Amino acid sequence: MRAICPASLKRSFLLPSEFGSGRVNYALFPALLVSFITPLVLAKSVAAGTVTFVSPCECQGEKSGSRWTAKTDPSPVPLDKSAVQSITPSQIYKWKGPEPNVPLTTETERRIASEQKWYNLTARVVGLKVEADGDITLALKDASGNRVGTVGAEIPVGPKWCEIRQTVFGWAMQSFPFSFKASERLEIREQHVITVTGKAFFDVDHAPADHSNRRIKPKKYTVWEIHPVMALHVDQ
């Protein structure tokens, strides 16, 4: 069957006879085609209410989530190493949630006292997901052994986190641009052992009514996270 070219594409490229030299560099055609089509794909995705990751560091159509000020806290890692505690996912799994008298809802923008503490979380990457707010979420378990507990570590979109995001997307089998709606899991090539540095964050969006440190779904995931990740080191 003969392919039919839309009218809008029929004259997108000049014919050889239309060049002064009569010669065309056909190797440039794929790049020209991508540059023509990609804006149409992005425009369509935004119109459909989806989120598009244009590159590791650039998103279109992302939606700000609850407690956005806390989630994008730009505080730098303390220079005093003693101010940053080393920890593992199974240790965080044993934490309790905030006390009942601590006012914490999805509308709470300030960080509570326990969310001001810094941690170096060393763990194995067992999952990778992108979110509608532009975040990258790492699922982390203990680097060795079979102790219970999976902790999320989130990397927001923005210039401050660009280098970290590039590193993480380097592990993923994903090409750009790509679009999704709520969230999307990405396949990773290998499960690196890493250390992420950041403040603790109680993700009240995923907390049960009693504010305990157990997400309803997925099972054995903590409500406590490292969010935002301010430094990342690949240990192996």
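Reader: Leaving aside its neighbours within four places in sequence, what is Val148 in contact with?

Author: This is a predicted model, to be clear. In it, Val148 is in contact with Ser90, Tyr93 and Lys220, once neighbours within four places in sequence are set aside.

Reader: How far apart are Val148 and Ser90, in sequence and in space?

Author: They are 58 residues apart in sequence. In space the C-alpha atoms are 5.7 Å apart.

Reader: Where is the place of Val148?

Author: Val148 sits in the loop between S5 and S6.

Reader: Why is Val148 called partly exposed?

Author: Its relative accessible area is 37%. Buried means under 20% and exposed means over 50%, so Val148 falls in between.

Reader: Zoom out. How many helices and strands are in the protein chain?

Author: Five helices and ten strands. The chain has 236 residues, and 41% of them count as buried.

Reader: And the contacts between residues at least 6 apart in sequence: what share joins residues at least 24 apart?

Author: That share is 70% in the protein chain.

Reader: On to sheets. In what order do the three strands of the open sheet come?

Author: The order is S2-S1-S7, and the pairing is antiparallel.

Reader: Which strands stand at the edges?

Author: S2 (58–60) and S7 (178–180) do. Each has a single partner strand, so one side of each is left without a neighbour in the sheet. Neighbouring strands here are turned by 25° against each other on average, direction ignored.

Reader: How many bridges join S1 to S2?

Author: Three, with S1 covering residues 51–55. Phe53 has Cys59 in S2 as its bridge partner.

Reader: What about S10: is its pairing with S6 parallel or antiparallel?

Author: S6 and S10 pair in the parallel sense, over three bridges. Thr150 stands opposite Tyr221 in S10.

Reader: And how many bridges pair S9 with S10?

Author: Eight, in the antiparallel sense, with S9 spanning residues 193–202. Val196 has Leu232 in S10 as its bridge partner.

Reader: How does the lining of the largest pocket split by class?

Author: Twelve charged, nine polar and six nonpolar residues.

Reader: Next one down. What lines the second largest pocket?

Author: Trp95, Lys96, Gly97, Pro98, Ser114, Lys117, Tyr119, Ala200 and Trp224. By class that lining has five nonpolar, two polar and two charged residues. The volume of the second largest pocket is about 160 Å³.

Reader: How many cavities of 30 Å³ or more does the structure hold?

Author: One. The largest cavity has about 30 Å³ of space.

Reader: Which residues line the largest cavity?

Author: Asp73, Ser75, Trp118, Gly198, Lys199, Pro228 and Met230. S9 and S10 are the elements that give two or more residues to this lining. By class, the lining of the largest cavity has three nonpolar, two polar and two charged residues.

How values were computed:
Residues are numbered from 1 along each chain as its sequence is written. This is a predicted model: local features need pLDDT of at least 70, side-chain atom pairs count only at pLDDT 80 or more; totals for chains, interfaces and linings use all residues. Side-chain values use heavy atoms; hydrogens and water are left out. Ala, Val, Leu, Ile, Met, Phe, Trp, Tyr, Cys and Pro count as nonpolar, Asp, Glu, Lys and Arg as charged, and the others, Gly among them, as polar. On a 1 Å grid over the protein atoms alone, a cavity is a set of points where a 1.4 Å probe fits but cannot get out, and a pocket is an open set with protein on both sides within 12 Å along at least five of seven lines; lining residues have an atom within 4 Å of a point. Grid points are joined across faces, edges and corners, and a volume is the space filled by probe spheres set on the points. Two strands pair if DSSP finds at least two bridges between them. Helices (H or I, at least four residues) and strands (E, at least two) are DSSP runs, numbered from the N terminus. Axes are lines fitted to C-alpha atoms, for helices over the stretch in contact, and angles run from 0 to 180 degrees between N-to-C directions. Buried means under 20% relative accessible area, exposed over 50%, partly exposed in between (1.4 Å probe, protein chains only). Contact means heavy atoms within 4.5 Å.
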